[in-house]
Amino acid sequence: MRDYLRYGMVGGDLDAFIGGVHRTAISFDGRAVLTAGCFSRDVRKNKECGDFYRLDGERIYDSFEEMAARESKRADGIDFVVIVTPNNTHYQIARAFLKCGIHVLCEKPLCFTLEEACELKRLADEKHLYFAVNYSYSGTNMVKEARALITSGAIGKIINVNAEYLQEYLVDDVGKGDQKMVKLSSWRKDPEVAGISNCVGDIGSHIEHTVSYMTGLRLKRVAAALDSFGQPLDLNANILVEFDNGAHGVFSSSQVCVGHMNGLVVRIFGTEGAIEWQQENPNVLLVTMKGQPAQIYNRGMGYVSERSAQMNRLPSGHPEGLFVAFANIYKCFISTVLKTVNGQTPDAGDLDFPDLEDGICGVKFIHACVESSAKDSAWVEL
Ligand SMILES: NC(=O)c1ccc[n+]([C@@H]2O[C@H](COP(=O)([O-])OP(=O)(O)OC[C@H]3O[C@@H](n4cnc5c(N)ncnc54)[C@H](O)[C@@H]3O)[C@@H](O)[C@H]2O)c1
């Protein structure tokens, strides 16, 4: 019986943003070891990162194609790959590893087109491989608590959703094209690399998934107004949404809102009560039952749901944050792959990670928003 997995990473050199967050999060539970990598197309940066993690030199690869082919032939090859490259490469890299029989965890957004997304699903199904898409906020403990409360019927039938993801870091681009914070902002604003959307693709997609995860609802159609302020892609998006239960909601996604750093806020309104969760204060949930004063639920307390208690890592009052959200996604994904390689069947708790169905919904959402905005905010079905 295996008690740990070997993983490889594509992207995420030492200067990158999110690759290091993944490596740190995977290390939380000690059940997967970084064994191979192609961290950059830049040979120096690739070697620098591989050496930093003390990888065997022959497992620091010049290309992801070579990595997939060679790792799949080794008896001690990687069990899964983590894809943390910019958006335009996700499809090609994921497809290469699936074809070689290797499980995948890929960053969001999954890929550029619905056809690509469906092809990845077809390949994963055909090869019986697991595929996670890293909608990271669904790993947050109190987001799981919100999901448990909503699933239990505590706030009744959902009748309205009001959610926002506000940042300010591109406000200098409005009308000026000033390129401050080049490291974060550069490729995200390039259609060749980011895809058909910047703001909706990068952060609006997190609203779409977090709401869907909390409520179990899927989007039916959207009416969107996207603003690009003279840039090639959108920096601001106001989106009217309709869910498959008929409820409506508003998603506001922006990178030009002064005073907001990473303000993902989700408010779910039901016939019996309401729930609010704020990403920048992730350890609490505001729960208000009809006719009652508002209550603050704290992570780690005795009254939380069984699922929240299972996923708890620190005593209440000791903040868990983004690293733990990532670690919780890995906890589930690694359990799933580990059980699979040991010939066991993953249970529902193991499978509690965003998958290709979620990735496909995300791609549809981005396309529907862009199409709607181009049609003067007409309703567009997903
Ligand atoms: N889930 C989240 O909360 C979250 C947060 C940030 C970024 N992301 C996503 O993660 C991805 C990466 O974003 P980032 O901000 O870390 O970007 P980044 O530009 O900081 O890093 C990208 C890395 O990919 C490497 N790379 C590019 N092409 C490559 C190739 N063909 N082979 C090997 N390496 C290659 C680069 O050298 C770099 O190391 C994006 O898809 C983004 O949307 C998700």
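**Rings and charges up close**

Tutor: Let's start with a charge and a ring: arginine 221 lies over the face of tryptophan 379, 4.2 Å from the ring centre. Keep in mind that this is a predicted model. A second case of this kind is arginine 147, whose charged end sits over the ring of tyrosine 213, 4.2 Å from its centre.

Now for rings with rings. A pair of aromatic rings is described by the distance of the centres and the angle of the planes. The structure holds ten aromatic pairs. Take tyrosine 7 and phenylalanine 80: their ring centres are 5.4 Å apart and their planes are at 10°, so this pair is stacked, given that planes under 30 degrees apart count that way. Tyrosine 7 belongs to strand β1 (residues 5–11) and phenylalanine 80 to strand β3 (residues 80–84), so the pair ties together parts that are 73 residues apart in sequence. Tyrosine 7 counts as buried, at 3% relative accessibility, and phenylalanine 80 counts as buried too, at 0%.

Compare that with tyrosine 137 and tyrosine 165, with centres 6.1 Å apart and planes at 70°, so this pair is edge-to-face. Tyrosine 137 lies in the loop between β5 (131–133) and α6 (141–151), while tyrosine 165 is in strand β6 (residues 158–166), so the pair ties together parts that are 28 residues apart in sequence. Both of these tyrosines are buried.

On to charges with charges. Side chains of opposite charge can pair when their charged atoms come close. The structure holds 29 salt bridges. One of them joins arginine 122 and glutamate 119, at 3.0 Å from N to O. These two are three residues apart in helix α5 (residues 114–127), so about one helical turn separates them. Arginine 122 is partly exposed, with a relative accessible area of 41%, and glutamate 119 counts as partly exposed at 22%.

Another salt bridge, at 3.5 Å from N to O, is between arginine 299 and glutamate 320. Here arginine 299 is buried, and so is glutamate 320.

Then there's lysine 339 with aspartate 350, which meet at 2.7 Å, N to O. Lysine 339 lies in helix α11 and aspartate 350 in the loop between α11 and α12 (356–374), so the pair ties together parts that are eleven residues apart in sequence. Lysine 339 is partly exposed at 23%, whereas aspartate 350 is buried at 8%. Finally, salt bridges that share partners join Glu58, Arg59, Glu71, Arg74 and Asp76 into one network.

Notes:
Residues are numbered from 1 along each chain as its sequence is written. This is a predicted model: local features need pLDDT of at least 70, side-chain atom pairs count only at pLDDT 80 or more; totals for chains, interfaces and linings use all residues. Side-chain values use heavy atoms; hydrogens and water are left out. Rings of Phe, Tyr and Trp (its six-membered ring) pair if their centres lie within 6.5 Å; planes under 30 degrees apart count as stacked, over 60 as edge-to-face and the rest as tilted. Helices (H or I, at least four residues) and strands (E, at least two) are DSSP runs, numbered from the N terminus. Buried means under 20% relative accessible area, exposed over 50%, partly exposed in between (1.4 Å probe, protein chains only). A charge sits over a ring if NZ of Lys or CZ of Arg is within 6 Å of the ring centre and within 35 degrees of the ring normal. A salt bridge is a side-chain nitrogen of Lys or Arg within 4 Å of a carboxyl oxygen of Asp or Glu.
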